[in-house]
Amino acid sequence: MSEKYVIEIEKRPWYEWLLWAVWLFTQVVIVQNALASSAELEPRAALISWIAFFALLIVGGVIWFMRRSK
């Protein structure tokens, strides 16, 4: 027997997709900054970048979880 799987993409406003894209782009930029600072032996700048990355990651996770449980 063949099983059918259905993937549903939730309809969301365009600005929500735009905000997620901006969040993802910001995360990529911050990781790049953290890695570059580590390579240049600037531990304070790298630490600040990693903290900012994980803070934004947690914020994104909380927002995703809150939106998912609607």
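**Aromatic pairs in a predicted model**

Let me start with Trp23, which counts as partly exposed, at a relative accessibility of 23%. Please keep in mind throughout that what we are looking at is a predicted model.

Trp20 is likewise in the partly exposed class, its relative accessible area being 22%. Both tryptophans, Trp20 and Trp23, belong to helix H1, which covers residues 14–39, and they are three residues apart there, or about one turn of the helix.

Now to the rings themselves. The structure holds five aromatic pairs. In the pair made by Trp20 and Trp23, the ring centres are 5.5 Å apart and the planes stand at 90°, which is over the 60 degrees required, so this pair is classed as edge-to-face.

Moving on to helix H2, residues 43–68, we find Trp50 and Phe53, again three residues apart and therefore separated by about one helical turn. Their rings also form an edge-to-face pair, with 5.9 Å from centre to centre and 85° between the planes. As for accessibility, Trp50 is partly exposed, with a relative accessible area of 27%, whereas Phe53, at 14%, counts as buried because its value falls under the 20% cut-off.

Notes:
Residues numbered from 1 in each chain as written. Predicted model: local features only at pLDDT ≥ 70, side-chain atom pairs only at ≥ 80, totals over all residues. Heavy atoms only, no water. Phe/Tyr/Trp six-rings, centres within 6.5 Å; stacked < 30°, edge-to-face > 60°. Helix = DSSP H or I, 4+ residues; strand = E, 2+ residues; numbered from the N terminus. Buried < 20%, exposed > 50% of the residue type's maximum accessible area, 1.4 Å probe, protein only.
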